[in-house]
Amino acid sequence: MRMRFPRVPGKAVTERWPMYAVGQYFQVWPSSPGASVVSHNANVAYIGFANTDNAQQKLKLVGFSSSGQAALRERVQWMRSQGRLVGVSLGGEGYNVSLVDPVKQALAVLEISDSLGGIDFIDFDIERYPRDYVDDETWADQHVEFCTQVRALLGQYFCFTIAPGGQTIDSYYRIGSVLQEKGLLSQFGHQFYWWNISSVDVVVKSIERAVRIGIPADRLAVGMMLGDRPKFWTQETAAEWMRIVSERCGVTKTYLWEAALPGSDEWASNMRGVLPWR
């Protein structure tokens with residue numbers, strides 16, 4: 001079934017991010033299973049990760065081998081032909097991403113997109129401050145210029161998402177507000193697995209924080225990770241809390257780290273039941 005992508009109310013109208021989004025990350029390390037593990041019940045796929053190459057100081061996919069390029073390109077094109085959005089996530093835990101030269105990095109995104117036969121979005125999952133970080137205002141300006149340049153190269157319907165986590169969480173709340181005001185934000189999804197979450201009220205408070213700084217609820221997502229440690233989610237908690245957050249706050253988007261972990265297909269099926277896109 002081909003999914004439709006209704007426009008989301010808000011300032012950014014030149015995009016096609018889904019109103020109901022169920023996303024999964026997957027990695028491109030040679031030892032990883034790759035895109036094949038993304039559930040058919042997910043309509044968004046995040047490729048992890050692209051970071052700044054130390055030699056050329058430009059964005060490149062980490063662990064992306066030439067031998068795996070053809071297979072990944074074929075899979076990406078197949079997922080996109082099914083109506084799913086596929087994008088590249090920048091950062092990840094412990095990796096450096098420099099946006100000090102937004103034009104150069106936008107051109108690097110174009111190269112990555114061409115190598116995959118096209119992508120639909122860039123995801124900011126930059127969990128530590130880059131080595132060239134100055135302050136939040138400068139960093140936000142770099143994000144705006146980078147996104148603007150990428151759209152100039154890849155089209156007005158290209159999307160941008162943020163997955164705040166790690167030491168940069170507070171900065172990305174501010175950056176998310178700026179990108180939303182500039183019409184450049186498609187989704188903002190806090191990683192709710194960096195600390196123990198005792199109740200759904202913790203998730204609701206974070207959503208309320210984002211709304212207070214100008215990010216609409218219909219652009220917010222809940223980031224989850226399954227597991228038996230206290231900070232991770234069970235299938236039952238994920239389904240019940242997502243239902244509560246959707247009904248109470250109007251949030252219609254979620255994502256999972258990551259598709260190769262046990263239970264990811266069941267999770268996507270459960271989320272599709274909570275967030276029934278047409």
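The largest cavity is lined by Tyr173, Phe188, Gly189, His190, Phe192, Ser206, Ile207, Ala210, Leu220 and Ala221. This is a predicted model, in which local features need pLDDT of at least 70 and side-chain atom pairs count only at pLDDT 80 or more, while totals for chains, interfaces and linings use all residues. Residues are numbered from 1 along each chain as its sequence is written, and side-chain values use heavy atoms, with hydrogens and water left out.

**Cavity**

- The structure holds one cavity of 30 Å³ or more; on a 1 Å grid over the protein atoms alone, a cavity is a set of points where a 1.4 Å probe fits but cannot get out, and lining residues have an atom within 4 Å of a point.
- The volume of the largest cavity is about 50 Å³, a volume being the space filled by probe spheres set on grid points that are joined across faces, edges and corners.
- At least two lining residues of the largest cavity come from each of β7 (187–191), α5 (200–212) and β8 (220–224); helices (H or I, at least four residues) and strands (E, at least two) are DSSP runs, numbered from the N terminus.
- The lining of the largest cavity has seven nonpolar, three polar and no charged residues, where Ala, Val, Leu, Ile, Met, Phe, Trp, Tyr, Cys and Pro count as nonpolar, Asp, Glu, Lys and Arg as charged, and the others, Gly among them, as polar.

- The largest pocket has a volume of about 310 Å³; a pocket is an open set of points with protein on both sides within 12 Å along at least five of seven lines.
- Of the 19 residues lining the largest pocket, Glu93, Glu127, Tyr193, Trp194 and Trp257 are the closest to its centre.
- Strand β2 (residues 44–52) supplies the largest share of the lining of the largest pocket, three residues, and by class this lining has nine nonpolar, five polar and five charged residues.
- The second largest pocket has a volume of about 210 Å³, and of its 16 lining residues the closest to its centre are Val28, Gly34, Gly68, Ala71 and Leu72.
- With four residues, helix α1 (residues 66–81) gives the most to the lining of the second largest pocket.

- Helix α3 (residues 136–154) and helix α4 (residues 169–181) pack at an angle of about 45°, with their axes 10 Å apart; axes are lines fitted to C-alpha atoms, for helices over the stretch in contact, and angles run from 0 to 180 degrees between N-to-C directions.
- That makes α3 oblique to α4, since angles under 35 degrees count as roughly parallel, over 145 as roughly antiparallel, 65 to 115 as roughly perpendicular and the rest as oblique.
- The residues of the contact of α3 with α4 divide into eight nonpolar, two polar and two charged.
- Helix α2 (residues 102–116) packs against α3 at an angle of about 40°, with the axes 8 Å apart, and α2 and α3 are therefore oblique to each other.

**Packing of α6 with α7**

- Helix α6 (residues 235–249) and helix α7 (residues 264–274) pack at an angle of about 20°, with their axes 10 Å apart, which makes α6 roughly parallel to α7.
- Gln235, Ala238, Ala239, Met242 and Arg243 in α6 meet Glu266, Trp267, Asn270, Met271 and Val274 in α7, contact meaning heavy atoms within 4.5 Å.
- By class, six nonpolar, two polar and two charged residues form the contact of α6 with α7.
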